Amino acid sequence: MSASLNSKPMPSRGVFRNIMTGKLLCLALLFPCLAGATVHLPHLFSHGMGLQRDQPVPFWGWAEPGESVTVEFAEQVKPVKADATGKWQIALDPLPASAAPRTLRINSASVTNVLVGDVFLCSGQSNMAMSMEAARRYPGTAEDIQSTSLPAVRFFQAPNATFRETPQEDVEAKWEPVAPANNAHLSAVAFYFAKSLHAHLQVPLGILRASHGGGSAEIKMPREALLSVPSGKKFYEDAIKRASPESVAARNRIFQERYEAAVRDAKAKGAKPPEPPKPVSAVDGGYPCSDWNGVIAPIIPYAKRGIVWYQGEHNAGRAFAYREIFPALIRSWRAASGQPGLPFLFVQLPAYDSPGKSDDWATLRESMLVTLQTVTNTAMIVTIDHGERDNIHPADKQPVGERLALEARRLIYGQPVTGCGPLYARFTVDGANLVVRFRDTGVSPVSLSATTTPAMGGTPMLLSGFTLAGEDRKFVAATAVIRGNTVVLSSPAVPKPVAARYAWANWPQPSLFDAQGLPASPFRTDDWEK
């Protein structure tokens, strides 16, 4: 962690020399001046912050080269000297959770109202960024905005990233408690995740929200991680070509020619002419690593308990490649955090009638399922029962956050709960029937239920959304019946079944749930289309 911090660009000695000569204003806008004229911290280390319990807590900042800095907190005193570039860093020893606010001292200055508990980094794209105010049409959200007050739960919401070619040292934001005055602009998913988790843990929580609408996974990774996998390397090379002056100029010419033709057509028809096109920029389409450089790199070394991720919509056009990109992203974020096994929780995308390829969202959900099965210490929640057909930003963020909290309690805290429904394990063929079995979560035995024909004594429960195929690879609707903890599929049109699929569509209608009402993940047993 220390090496990666030292390797990033940082304020030069000349900046600090300007401070010594009275030119303080510019740097003061960038870094909170907390400890005298020359010692500065990132905005992360500021009043009202939440610190991670039970693990070393790194601190870093800037000072004059060679200057002595002393960090004092919870009876720990940690001295350090700034290096030749003016960077300093130390780590506090593991701290217990604290219910009462404490004061952090750095040289002669203080940071007040500091709590120690668990910290989570919540990231992704627009559905993670979506505020409580934007989600208020979901029942209960407006009331939560107005009435929820949790002084021990604090948010640090990084602003949307602007284009950055190199990793930054700081993001300008502040710590805010969950309170009626702040709730409207807090991330709705993170709000409900934190609210539910805090209710069960009863320890302070710090939420770092760093998400950017419309951003692909590739712009949220460091360059070396992106280049480490073939699909990432291709994305990088294509984006660099797209960003060249020649490519930008050519695209602008095409759009201008189309606009001029549309104006002529409108004039001939006596119609209103269209608006002129906005000029294309070098970063249109997503510049590689720009979100990483702008908002992730400055906060990723902060001590934390886990990462919560809601992203993938922007990768639907490259859905199969996501099973390569997403694990590479997880590895890189863990490495940058200095925690190879850092828990990583994520949201499998909800139902949405994407106007693109007929199964792009289905394939992306599968890539997420593959990631869950192949990357250790991860957890996934299924949300196909929560979505809006014509809206990529569904408002019902409460169940999303609460299911994530359940999975955090299971994965991180070892509690006997789960937020994920049935997951496909394997199948067998029994004559004309194909029998599907599901993975035991380790929390409780597999228990299946249906939204259609309810069980009446020993009556089997019929399901929808299952299809079967024979060797001809043509899928047809199947009769699906729950028998015990299996689903038995059959169809007169497929006397010799070899493959099955469930909820394999962008806008599936889920019918298979567990006893808690959690939906089963979509799946397919074949790999015929990639």
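Which residues of H12 are buried? In this predicted model, local features need pLDDT of at least 70, side-chain atom pairs count only at pLDDT 80 or more, and totals for chains, interfaces and linings use all residues. Residues are numbered from 1 along each chain as its sequence is written, and side-chain values use heavy atoms, without hydrogens or water.

The buried residues of H12 are Asp360, Trp361, Ala362, Thr363, Leu364, Arg365, Glu366, Ser367, Met368, Leu369, Thr371 and Leu372. Buried means under 20% relative accessible area (1.4 Å probe, protein chains only). Helices (H or I, at least four residues) and strands (E, at least two) are DSSP runs, numbered from the N terminus. Twelve of the 15 residues of H12 are buried, so this helix is largely enclosed by the rest of the structure. Its buried residues pack against H11, S12, strand S13 (378-381) and strand S24 (523-524); contact means heavy atoms within 4.5 Å.

Strand S11 (residues 306-310) is mostly covered, with five of its five residues buried. Gly306, Val308 and Tyr310 lie on one side. Ile307 and Trp309 lie on the other. S11 runs parallel to strand S7 (residues 109-124), joined by five bridges; strands pair if DSSP finds at least two bridges between them. Serine 123 stands opposite tryptophan 309. Three bridges pair S11 with strand S12 (residues 344-347), also in the parallel sense. There, phenylalanine 346 is the bridge partner of tryptophan 309. From S11 the chain crosses through helix H11 (residues 322-337) to S12 in a right-handed β-α-β crossover, meaning a clockwise path from the first strand over the helix to the second, with the strands pointing away from the viewer.

Technical notes: Buried < 20%, exposed > 50% of the residue type's maximum accessible area, 1.4 Å probe, protein only.
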